[in-house]
Structures are given as structure tokens and as C-alpha cells.
Amino acid sequence: MTDQGLVCALPDRSALADVSKYQDALVISGILHTARTIAIVGLSSNVLRPSNFVGFYLQRHGYTSVPVTPNEREVLGQQAYPSLSAVLFHVDVVDVFRASAAVPGIAEEAVRIGAGALWLQFGVISAEGARIARDGGLKVVVDRCMKVEHARHMGRMHWLGFNTGVIGSQRQAVL
């Protein structure tokens, strides 16, 4: 089958052999507890897009969502910027909703603007982008959803607020 007929492709997880080193729970928790301003690269005004839902969720939980997309003027009530370099204030986290091939350039720009972290959403995996960000002094999270991790680490996925480490709809048996 050619790529032209492909409707939905699974992410290429072979692009980063050791993705788990960029999924450290302490790093994730530290980012979530200290970040206030999140530049969302690829934030769409379409409410059916995951980027819009994540941006809305983060706003509802006290973060400032900064849309970075050349195709929009405003998203979620915030001015949109065509690039990270156009954002004239400090960005704590660059959250990426773009194809993996775009990540190295985004990582370079994130380092250039002095962001604190590069966060690559589910399926966005780039070994080169992660290396660029890490070498530039940024914290890096790969193949994780910021909304899901916020819910897990901030007590919204378990009624007692524990990080169970399990993402699923079925409860584990209690022994």
C-alpha cells in the first residue's frame, strides 16, 4: 500500500531506541510543578484537534498557553505567534504537536529563546531533536501527553492523588 492511501499511521518508535530516558517521572513532575508558560507549537483553533484540547485543559489548570502556529491569529483567546522566536516573553515549556521531522528545527529555536523544556507529545519522536534540546540545557520529555501527565502527577487520575503509573480504564485488583 502506498502512503497516499494511508489514513492514519502509527508513530515510528524505532526513531529513538531509548525513549524511556526521556520519560523520567521526576523530570515530568518537576516541569509540571514549576512551569507557568507553555508555548504549544501546532496549536489549532479546531476544537476537534488534540492540540486544542490539551491547550484548553492546561489553561483551565492555571498555565498560560501560547499558540505558536503561522496559520492562526488567535487560539483559545490568546494571540498566536508564527514562530517561537516571535514570542517576546519567557517560555517555560515548548510543547510540540508537529511531525517528528520538524522537531530538530523546533528544538534549535527552543534552545535559542532560552526555554526551560522541550516536550514532545504522543507519537512525536525525534532522537536528533531530543539531543539538540538536551545539549542546549533543556529538560526533555518525549512521547508523552502533557495533559495526561498533568492529570497523573497532579492527582486528577486517581481519587487519592497517587501516581499509580497506570493509564487505563480498568482498575487494578486490590490484594
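This is a predicted model: local features need pLDDT of at least 70, side-chain atom pairs count only at pLDDT 80 or more; totals for chains, interfaces and linings use all residues.
How far apart are Asp 135 and Arg 131 in helix α4, counted in residues and in helical turns? They are 4 residues apart in helix α4 (residues 127–135), so about one helical turn separates them.

Residues are numbered from 1 along each chain as its sequence is written, and side-chain values use heavy atoms, leaving out hydrogens and water.

## The sheet and a helix on it

Let us start with the strands. Helices (H or I, at least four residues) and strands (E, at least two) are DSSP runs, numbered from the N terminus. Two strands pair if DSSP finds at least two bridges between them.

Val 94 stands opposite Leu 118 in β6.

What covers β6? In a regular strand the side chains alternate between the two faces of the sheet. Both faces of β6 are covered: Ala 117 and Trp 119 are buried on one side, and Leu 118 and Leu 120 are buried on the other. Buried means under 20% relative accessible area, exposed means over 50%, and partly exposed is in between (1.4 Å probe, protein chains only).

## Two loop residues with positive phi

Most residues other than glycine have a negative phi. Leu 76 has a positive value, near 55°. Its place is in the loop between β3 (74–75) and β4 (78–79), and Leu 76 counts as partly exposed at 25% relative accessibility. Asp 143 also has a positive phi, near 60°, and is found in the loop between β7 and α5 (146–153). Asp 143 is buried, with a relative accessible area of 7%.

## Rings and charges

The structure holds 1 aromatic pair. Tyr 81 and Phe 89 form it in an edge-to-face arrangement, 6.1 Å centre to centre and with 75° between the planes. For such a pair, the ring centres of Phe, Tyr or Trp (its six-membered ring) lie within 6.5 Å; planes under 30 degrees apart count as stacked, over 60 as edge-to-face and the rest as tilted. Tyr 81 is buried at 13% relative accessible area, whereas Phe 89 is partly exposed at 38%.

Charged side chains meet rings too. Arg 36 lies over the face of Tyr 63, at 4.8 Å from the ring centre. The charged end of Lys 147 sits over the ring of Tyr 57, 4.5 Å from its centre. A charge sits over a ring if NZ of Lys or CZ of Arg is within 6 Å of the ring centre and within 35 degrees of the ring normal.

## Salt bridges

Side chains of opposite charge can pair when their charged atoms come close. A salt bridge is a side-chain nitrogen of Lys or Arg within 4 Å of a carboxyl oxygen of Asp or Glu. The whole structure has 4 of them, including these:

| Pair | N to O distance |
|---|---|
| Asp 135 and Arg 131 | 3.6 Å |
| Glu 149 and Arg 144 | 3.7 Å |
| Arg 152 and Glu 149 | 2.9 Å |

Here is the opening pair again. Asp 135 is exposed at 53% relative accessibility, while Arg 131 is partly exposed at 37%. Together with Arg 134, these two residues are linked in a network of salt bridges.

Arg 152 and Glu 149 both lie in helix α5, 3 residues apart, about one turn of the helix. Both of them are buried, Glu 149 with a relative accessible area of 2%. Arg 144 is partly exposed at 22%.
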